[in-house]
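The following exercises concern the structure shown below.

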Amino acid sequence: MILPPFAYARPKTVKKAIALYQGAKGQAVYLAGGTDLVPRIKQRLMCPALSIDLKGIQALKRVTLTRDWLKIGANVTLYDLKNHPVVAKYYPALYESLNTTSCETLQMRGTLGGNVLQDARCLFFNKSDTWRKARGFCLKMGGESCNAVKGARVCFANYASDNAPVLLTLGAEVLLSGIAGDRQIPLLEIFTGKSDSPFTLHNGEILTQILIPAQITKGGYLKLRVRDSIDYPLVGVALSTADGRGRLAVGGIGGKPLLFEFRGDDRGWVERIADEALNQSKPVRNTVLSAAYRKRMVKTLTKRIIKLVMGEDRR
Amino acid sequence: MKSIQIKVTVNGEPMSLDVRPYETLLETLRERLHLTGAKEACSLGACGSCTVILDKIPVRACLVLTAEIDGMTVTTIEGLAANGRLHPLQEAFMEKGAVQCGFCTSGMILTAKSLLDREKKPSKDQIVRTISSNVCRCTGYKKIIEAVMTAAERMERT
């Protein structure tokens, strides 16, 4: 499959990258590992005039542990992060989600920033241009209605990052650099909840750092997929706890992950969380597995991950 | 569109290339350098048949822009044999019959090589895990795993 023509630039600083973006009048994309972006451009889901390669920016490749945070540069690869001693020791859930993201080769190229900012996916959207033209463009392509749910006026594409749900359970924040300056916000605030435009980032804004509170947690991540070797999550359930409190997140369904909080000493919290996760998850028939099956698996995986992580601590 | 000049080393040979900014490494290898060992199958990064080694790391050549790799080193299947001798992985693949149609083979071997380069004695689980980055549609994984294990043993001995 041949790429459409676009120019290429490799700035050395974030500031330079933003200036290049401004110069391209909204027709530019930021390129990191390219494992998500390049297939999208090949399928003509986007046709940029300029790709701005962020891999030349050294500052985005660092991992540093301070007293309060583990600060992860957005361009750290999933593989390098997985093998970072602090991750295995502090954040077992993150180790699991990194380890089950795609396959090893793509983990070595794909970056954490790119994984978090991947666009939502749909069985009827992530297709070739010819396929989509024959079918008629859906809402996410600027068309009139949804191709997955007949007559629907909203998009149901699934946000398929394995790592963002885990990062939410860990209370992660993100550092963004843009035309108007820098801002640090909770990770949850980058999501609009809308599948056709999932992120609240301003035009030209760059995710430069992911920050996780520096504390030892217990946790895990389970994902439903057809092929264990490579697939995106069809449902992903993440859990992290510390000091008797915890968070559970459900990903792979809809435009943003669902997040639930609990205290281990609440009575019946396991059933409550499992029911809330089940009730709030609204899968539709836009993946290779049926919506009914995915919905049931939300509760199954929720209870399973709680059992795996909490063991005898459950009530 | 303005072309981009880069310097790369391909299979030990330094060269400078003028490439289109939207040209993939796979296109450069196959169409410019006529190194057709890396195959194009899915073209979307899912199958691994275009795997080559870029500075010690296996990459999907169909997802890498050639413009991105200025100053880097590329190893393709054509660059594995040394002094007229095949690489132990290539020999083991032939001996064990780990090839059926052969389309996935160069990617499989290069993915396996990157593992053996960083891990002298990989366990069977590690081999399975690494190899699972690549798809074989003739369904011959068992012999591929045996071939990698055999090659690992031989490389450790020498």
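**Exercise 1. Aromatic pairs**

How many aromatic pairs are there over all chains?

*Solution.* Begin with the kind of model. The model is predicted: local features need pLDDT of at least 70, and side-chain atom pairs count only at pLDDT 80 or more, whereas totals for chains, interfaces and linings use all residues. Residues are numbered from 1 along each chain as its sequence is written, chains are lettered from A and ligands numbered from 1 in the order in which they are written, and side-chain values use heavy atoms, with hydrogens and water left out.

Next, apply the rule. Rings of Phe, Tyr and Trp (its six-membered ring) pair if their centres lie within 6.5 Å; planes under 30 degrees apart count as stacked, over 60 as edge-to-face and the rest as tilted. The count over all chains comes to eight aromatic pairs.

Then take an example. The ring centres of Tyr159(A) and Phe199(A) are 5.9 Å apart and the planes stand at 80°, so this pair is edge-to-face. Tyr159(A) lies in the loop between α8 (129-135) and α9 (163-169) of chain A, and Phe199(A) in the loop between β7 (181-186) and β8 (206-213) of chain A, so the pair ties together parts that are 40 residues apart in sequence. Helices (H or I, at least four residues) and strands (E, at least two) are DSSP runs, numbered from the N terminus. Finally, ring pairs link Tyr159(A), Phe191(A) and Phe199(A) into a cluster.

**Exercise 2. Burial of a ring**

Is Tyr159(A) buried or exposed?

*Solution.* Recall the cut-offs: buried means under 20% relative accessible area, exposed over 50%, and partly exposed in between (1.4 Å probe, protein chains only). Tyr159(A) has 1% relative accessibility and therefore counts as buried.

**Exercise 3. The sheet of chain B**

Second, read the order. Five strands of chain B form an open sheet in the order β2-β1-β5-β3-β4, with mixed pairing; two strands pair if DSSP finds at least two bridges between them. Its edge strands are β2 and β4 of chain B, each pairing on one side only.

Third, examine the neighbours of β3(B). Four bridges join β3 (residues 51-54) to β4 (residues 57-60) of chain B, and these two strands run antiparallel. Leu54(B) stands opposite Ile57(B) in β4(B), while Thr51(B) has Arg60(B) as its bridge partner there. Two bridges connect β3(B) to β5 (residues 73-75) of chain B, also in the antiparallel sense; here Leu54(B) is partnered by Val74(B).

Fourth, follow the side chains. Thr51(B) and Ile53(B) point one way from β3(B), Val52(B) and Leu54(B) point the other way, and all are buried.

**Exercise 4. The largest nonpolar core**

Which residues touch the most other members of the largest nonpolar core?

*Solution.* A nonpolar core is a set of buried Ala, Val, Leu, Ile, Met, Phe, Trp, Tyr and Cys residues joined through side-chain atoms within 4.5 Å. The largest one has 36 residues, and those touching the most other members are Leu25(B), Val52(B), Ile69(B) and Val74(B). The largest share of this core, four residues, comes from β1(B).

Now examine one member. Contact means heavy atoms within 4.5 Å. Not counting residues up to four places away in sequence, Leu25(B) touches several residues, including Val52(B), Ala61(B) and Val74(B). In α1(B), Leu25(B) is among the buried residues, and the buried residues of that helix pack against β1, β2, β3 and β5 of chain B.
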